[in-house]
Amino acid sequence: MTTTLRENDVDAPAAAPRELVELQGPSDRAFTAITTTSGLIVLALMGAVGIFLTFEAFDALRSVGFSFLTTQKWEPDRNEFGIASILWFTILIAGVAVAIALPIAIATALFIVEVVPARFRSWFVALVDLMAAVPSVVYGLWGLFLLQGQAIGLSRWLNSWFGWIPIFRVDGADPGSPLANATVYSASTFIAGLVVAMMVMPIQCVVMREVFSQVPPGEREGAFALGSTRWGMIRVVTLPFGRGGIIGGTMLGLGRALGETIAVFLIISPRFDITPHVLEAGSNSVSALIALRYNEASGFGLSALFAAGLALFAITLVVNFTASWFVARSRSGASSEA
Amino acid sequence: MAVTDLEAPAVDGAPSRRTVLPGNNPPAAPAVARVLGKWSKDDSLLLAGVVMSSLATTALLFGRLTPLSGRLGFVVVFFGIFLVTYAVMTSFTESGPSVVDRVMTALLTSAAMVAMFALGSVIVYVLYRSFDALIHLNFYTQDLSQAGPLTPLTEGGMLHAIAGTLIMTFLSLIFTVPLAVTCAVFLNESGSRSASFVRTVVTAMTALPSIVAGLFIFATFILVLGFERSGLAASLAISIMMLPIIIRASDVVLRLVPGSLREASSALGAPKWRTVWHVVLPTARSGLTTSVILGVARGIGETAPILLTAGYTSTMNLNPRSNAMVSLPLAAFELVRSPQPDQIARGFGAAALLMILVLILFSIARLLGGRPVGHLSQRQRRKRAQQSIDDLARIERQRNLREHGLSPMSSPQHAPAGAPNRR
């Protein structure tokens, strides 16, 4: 690499920045070519995911057209299929998961950054990171064998006291009867959402902790100097500073929750009618549908599954792009990891 | 005026000719958060007293006074009573904002405790349920080909799934690491607009649903190219999952390499690839290892893509190019769906092995990644010092050679120019 100055710039006033011309040697040109190619390969791979999904889904989408978005059935052999109910349940599960995970994620992130003594901070950071690294199948087993039994009691309690709120109603359940059957509460959207919340919480928490820890010490200490308590400081300094991180982290967790497969598949029993009752038995999700049907599907049925996968892919992409936009746009975003 | 200004240094002479290092005013130390606030013995005693009294009140409510029942209910009622008592007790000595502060601190702490308790319960429960399977040695040395659903736990094991996991992980490492690191270098060194576009796409892809990655390989490798379901297809699917994760993490690590190191290398005349190869990558080595390990920890636990691309088998298959190959998460997933308790125990055993594997990988990553970029361990520092001494010896040797061999040519040229400068 040779750096040369332009001849005519020698007489120019020194204040102006001089123009540098970089002459690349052959080794550097090869280096640039190789790295750029690798970038393009990655880009092509990622683009290929979308292109191939569209390509494979084309048959099914052309056959049913716009009703793909409104049909509440999945019978590709009779040419009646659509993702209306599946998408509804997918979003409902993700919504339940985020609603449960979000307060815990914010509180844990604040706890790690502001409350815990510095000596133990790295422990909690490691534990939350570890929670994010535990494989989803492990969470699935835990949810199916341990949590489900515990959560049914909670479901029954919610139904008997708050059953008048539509989302907590359960058709076919009689809270007064001592012989009430527990199966009306099992395999529900709520329980699947609880398990997915376990996976989503650490992801959200990591992003928020990252952003909260970038609060300028001067602003924190300024709040304290003005007589604020710790919570007062958190309210007026940390939370407003980290707003972008909170929104971005939430969206990132939402993206993960939408795509979760195995844990949801293990817990739910599939149903295809739209209902807002989250405690009721039966739910669905795009990824669980694919995992359930990929094996038995005919060529056309497979194409229908690809169409469902494409819809999931599009939604997660939109959610993730929005998430990174929020994080990058926030005051703290320039150097954050999300 | 101008004359005096010019003359002042001329009188002194030496300072104007000497190179002034910019080190005279060191850069301001980065702002570090101070430890504020304190926690007195009084506070601890108050907290302990409040916990005791609310525990007692809750026990009274549950056993004697009201028909409340249930473990979860106990915890919730206890927590409610605790918060109220704590607020009341604090309000005797503190002002309003301070009471709110105490209550909120208690809330934040208990939320973190809930999260930790959940993590602990996952780990303990999976280990507890898998205990029966894990204590038998045959669990690690046999496959399931001879053991049906009704065979007791003293026969059959997970060797085929362990082998499958290792093969798939190894293959996907071969596929991803070179591409991911090169791409991360591209993102950092090129600085062009296309690099930032690639970065945006990669970031969005880190949360690609794993089943979509499986579908993609299923569509291309198996349906279009006509290969059968195999370990190779599964490792390709895992690679699609891992690639954006490793690129993203490596990109962050490479960005932390100080620009001054790059500039120093360039200033010494090193071409760009030498700067990257000899300066940037070695500096970021521990961080890069960490990002690769974290990517592996993520990829090793993926079930959905393997379900679509590898198929399930109960026999040992060491050939990734043909026939079904099973991995630990897939084995766990398939086995727990059986109604037989022994199969479920085997499934939990596979999940426990997987969890332990992830724990080990994770601990290694923490150990390596605990150090910030560019900070060296004791051993590395000694190695660098030795290298530096060797370099000095080498340079001395070459100078001696040059002075003995080429002195008539070089020294007379330098002598007249250098002499007046020295005093």
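Me: Does Leu335(B) count as buried or exposed, going by its C-beta neighbours inside 10 Å?
Reply: The model is a predicted one. Leu335(B) sits in helix H15 (residues 328-335) of chain B. A residue is buried if 20 or more other C-beta atoms lie within 10 Å of its own. Leu335(B) has 27 such neighbours, so this residue counts as buried.

Me: Which residues does Leu335(B) touch, not counting residues up to four places away in sequence?
Reply: Residues up to four places away in sequence are left out of this list. With those set aside, the residues that Leu335(B) touches are Gln343(B), Ile344(B), Arg346(B), Gly347(B) and Ala350(B).

Me: How many Å apart in space are Leu335(B) and Phe197(B), C-alpha to C-alpha?
Reply: Leu335(B) and Phe197(B) are separated by 138 residues in sequence. In space, C-alpha to C-alpha, the distance between Leu335(B) and Phe197(B) is 43 Å.

Me: What percentage of the residues in chain B are buried?
Reply: Chain B has 17 helices and zero strands. Of the 423 residues in chain B, the buried ones make up 38%.

Me: How many Å apart are the C-alpha centres of domain 1 of chain B and domain 2 of chain B?
Reply: The domain assignment of chain B gives domain 1 as 41-130 and domain 2 as 159-375. Their contact takes five residues from domain 1 of chain B and six residues from domain 2 of chain B. On the domain 1 side, three residues are nonpolar, one is polar and one is charged. The C-alpha centres of domain 1 of chain B and domain 2 of chain B lie apart by 41 Å.

Me: Which helix of chain B gives the most to the side that touches chain A?
Reply: The contact between the chains takes 78 residues from chain B and 77 residues from chain A. By class, the chain B side has 57 nonpolar, 14 polar and seven charged residues. The helix of chain B that gives the most to this side, with 20 residues, is H5 (residues 96-134).

Me: Why are H1(A) and H7(B) described as roughly perpendicular?
Reply: Helix H1 (residues 26-64) of chain A and helix H7 (residues 159-189) of chain B pack with their axes 8 Å apart, at an angle of about 110 degrees. Angles of 65 to 115 degrees count as roughly perpendicular. The angle of H1(A) to H7(B) therefore makes the pair roughly perpendicular.

Me: How do the residues of the contact of H1(A) with H7(B) divide by class?
Reply: The crossing of H1(A) and H7(B) is left-handed. H1(A) contributes residues including Ile34(A), Gly39(A) and Val42(A), while H7(B) contributes residues including Leu179(B), Phe186(B) and Glu189(B). The residues of this contact divide into seven nonpolar, five polar and one charged.

Me: Which residues of H9(B) make the contact with H1(A)?
Reply: H1(A) and helix H9 (residues 210-224) of chain B pack at an angle of about 65 degrees, with their axes 9 Å apart. H1(A) and H9(B) are therefore roughly perpendicular to each other, and their crossing is left-handed. From H1(A) the contact takes Val49(A), Phe52(A), Leu53(A) and Glu56(A). From H9(B) the residues are Val212(B), Leu215(B), Phe216(B), Ala219(B) and Thr220(B).

How values were computed
Residues are numbered from 1 along each chain as its sequence is written. Chains are lettered from A and ligands numbered from 1 in the order in which they are written. This is a predicted model: local features need pLDDT of at least 70, side-chain atom pairs count only at pLDDT 80 or more; totals for chains, interfaces and linings use all residues. Domain bounds come from an automatic or database domain assignment. Two residues are in contact if their C-beta atoms, placed from the backbone, lie within 7 Å. Ala, Val, Leu, Ile, Met, Phe, Trp, Tyr, Cys and Pro count as nonpolar, Asp, Glu, Lys and Arg as charged, and the others, Gly among them, as polar. Helices (H or I, at least four residues) and strands (E, at least two) are DSSP runs, numbered from the N terminus. Axes are lines fitted to C-alpha atoms, for helices over the stretch in contact, and angles run from 0 to 180 degrees between N-to-C directions. Angles under 35 degrees count as roughly parallel, over 145 as roughly antiparallel, 65 to 115 as roughly perpendicular and the rest as oblique. A crossing is left-handed if the near helix is turned anticlockwise from the far one by less than a right angle, and right-handed if clockwise. A residue is buried if 20 or more other C-beta atoms lie within 10 Å of its own, exposed if 12 or fewer, and partly exposed in between; C-beta atoms are placed from the backbone.
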